[in-house]
Amino acid sequence: MIRDEPSTTITIGWEQITGDNPIVYYSTSDYGQNHRNYPNQIHPQRTVHAKDMHNHFARLSRLRPNTVYYFVIKDSDGISKRYSFKTLPDEHQSRLSIIGGGDSRNHKTARQNANKTVARCRPHFVLFAGDMTGGDSSREWKEWLDDWQMTIGQDGRMTAVLAARGNHEKSDASIVDMFDVPHEMVYYGLTFARGLMRVYTLNSMQSSSSSQLAWLGADLEESQNIAWRMAQYHHPIRPHNSRKHEQEYIRTHWGKLFHKYSVQLALECDSHLSKITWPVRVSTDRSEPGYDEGFVQDPTGTVFVGEGGWGAPLRDADDTKSWTRASGAFNQVKWFFVDLNTVEIRTIKTENANSLTYLSDDNRFYMPKNIDLWKIDGADFITLYNQNKANFVPEKAQIIMEIASSSARFANNEVTLKWKSIYEIDRVKFKVQISTNKVFWKTVGILKGDGPSANKQRNYEYTDRTEKRGGKYYYRIAAIDDAGKEFVQEYIEVRTLGSETLDLIEGSINAGQFQVPLTLTEPTKVIIELFDTKRRPVFVREFDAIAGEQNFPLNIKHLEKGFYLLEISCNGRLIKRSVKITN
């Protein structure tokens, strides 16, 4: 889920079925299910018992924009599959791909087809405007979440969702407890790509006036420098099915704000059909040319799209208006491409989801093979042009400086530290400290930063020549701003062996393995461990060995080139070797 700044945060939610002490391990590098290799970890910040589930939510922050992260969840009982997500871009020149819809209640096959469409089209995120289930029961929610796994790509890529409440959610708590949305009354706004678009998730099950209206009006007024403003909510103001009720209060309260503050696009649901309108604005003058049910066509107005079709029973589009551009009854989702100048709106018919090919990050704005698009006026999509571009002012970047790819090497009684900085700020310094207990720290050096780097990496190296005995040491690299405040820290663990010189063993990744020679005087149990420069185990093997001279093979296909520490435990002895792995 996205509940905060989209380029630097994400929320991972899961049902904790068994086991204790779950932890999310994550990194920009893919370590598969080897959780020990993931340098970052976080416990869930929120847990809740709801719908016969024990839901956990881990809110990740200080992430890199537009970056793929890999993660696993480990608890006392085991470890999850390896999944991934990608943070949103932080540049207003970006282009966004968004899938929107709702009403997935009853028809399982149709719901699964829409979910599969998400996995194949690989959007940046999904807008889901309510009515996930029919009865809001525990059984239905578990089935819905099981089906939602079909939105996950073949490579484990997950797509974030922004959820709204529908009339089949019996309370706001249903959405809060399933999706950890940022407001207990399920209305909130999120800005994407430094002001390219602000999405308003509204709650049509709450009063359209009172606190929600006051917040919406104030937020819209403050967001006039945003390029595009879009709303999603459940009940359509003017439903296109004759059985559904008109939402006059929403028209009066929200509709006027939509035109006053230039909300260019609104996603509605509830009627279980498909529609796209011409741009319209609210009118109270029945004699105004083109007046129909409280709206008139206006190029500066709002385009309303919807109305459901993610799996609920379809209804006829039998209540069209003079300003309706197209309508029909079929299972569908909307697909939006957003850039600074235009929004392209496509409608995907989801019946043939199984035959769609999978898109990737590199081609997510292409059309999957076999995609079935609803043609409007003979075209596969319609285009909205930005009427408010002149008012656009990019927001300040949310990028957070990061220290990455840190490593340490001990040789000749010296420890050489290496690290990289990303999104470095001006006048930054790096303070290098050492400790033997991670409590008391001694500063051994200060380096001046190279200056602002945007998304380019700066490389740094520092050699600590302080005399050390054999043992374990901890280093802390802290970034310091112009006022002397530490705002980024990186920790490295180093094991030294005094003046002891380690025999060097070399191996090649291409060879796939290397041999560890060992001579045993008697049969014994042998433990072979290989550690990287951060003292993280990358290989462990335990076995019973016979006496004599022999070689033990180590699989190194999965390792990166570089230096490692080999430790062999046998006959009560600890043997250490330095290992160099090359291509």
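Which residue in S6 does Ser27 stand opposite? Ser27 faces Tyr70 of that strand. The model described here is predicted.

## The chain as a whole

The chain contains five helices and 38 strands. Along the principal axes, its C-alpha atoms fill a box of roughly 100 × 55 × 45 Å. Of the 583 residues, 56% are buried. When contacts between residues at least 6 apart in sequence are considered, 70% of them join residues at least 24 apart.

The chain carries 75 positive and 72 negative charges, and the mean positions of the two sets lie 4 Å apart.

## Strand S6 and its partners

Strand S6 covers residues 68–75 and is mostly covered, with six of its eight residues buried. Strand S2, residues 23–27, runs antiparallel to S6 and is joined to it by five bridges. The pair Ser27 and Tyr70 stands opposite across these strands.

S6 also pairs in the antiparallel sense with strand S8, residues 83–86, over four bridges. Here Phe71 stands opposite Tyr83 in S8. A further antiparallel pairing, over two bridges, links S6 with strand S7, residues 78–79. In that pairing Lys74 stands opposite Ile79.

## Backbone features in loops

The peptide bond between Gly306 and Glu307 is cis, with omega at about -5 degrees. Glu307 belongs to the loop between strand S19 (303–306) and strand S20 (324–328).

Asp103 has a positive phi, near 65 degrees, although it is a residue other than glycine. Its loop runs between strand S9 (96–101) and helix H1 (108–121). His272, also a residue other than glycine, has a positive phi near 65 degrees. The loop that holds His272 lies between strand S15 (265–267) and strand S16 (274–277).

Are Asp103 and His272 buried or exposed? Asp103 has a relative accessible area of 0%, so it is buried. His272 has 1% relative accessibility and therefore counts as buried too. The cut-off for this label is under 20% relative accessible area.

Conventions:
Residues are numbered from 1 along each chain as its sequence is written. This is a predicted model: local features need pLDDT of at least 70, side-chain atom pairs count only at pLDDT 80 or more; totals for chains, interfaces and linings use all residues. Side-chain values use heavy atoms; hydrogens and water are left out. Buried means under 20% relative accessible area, exposed over 50%, partly exposed in between (1.4 Å probe, protein chains only). Contact means heavy atoms within 4.5 Å. Lys and Arg count as positive and Asp and Glu as negative; His and the chain ends are not counted. The place of a charge is taken as NZ of Lys, CZ of Arg, CG of Asp or CD of Glu. Two strands pair if DSSP finds at least two bridges between them.
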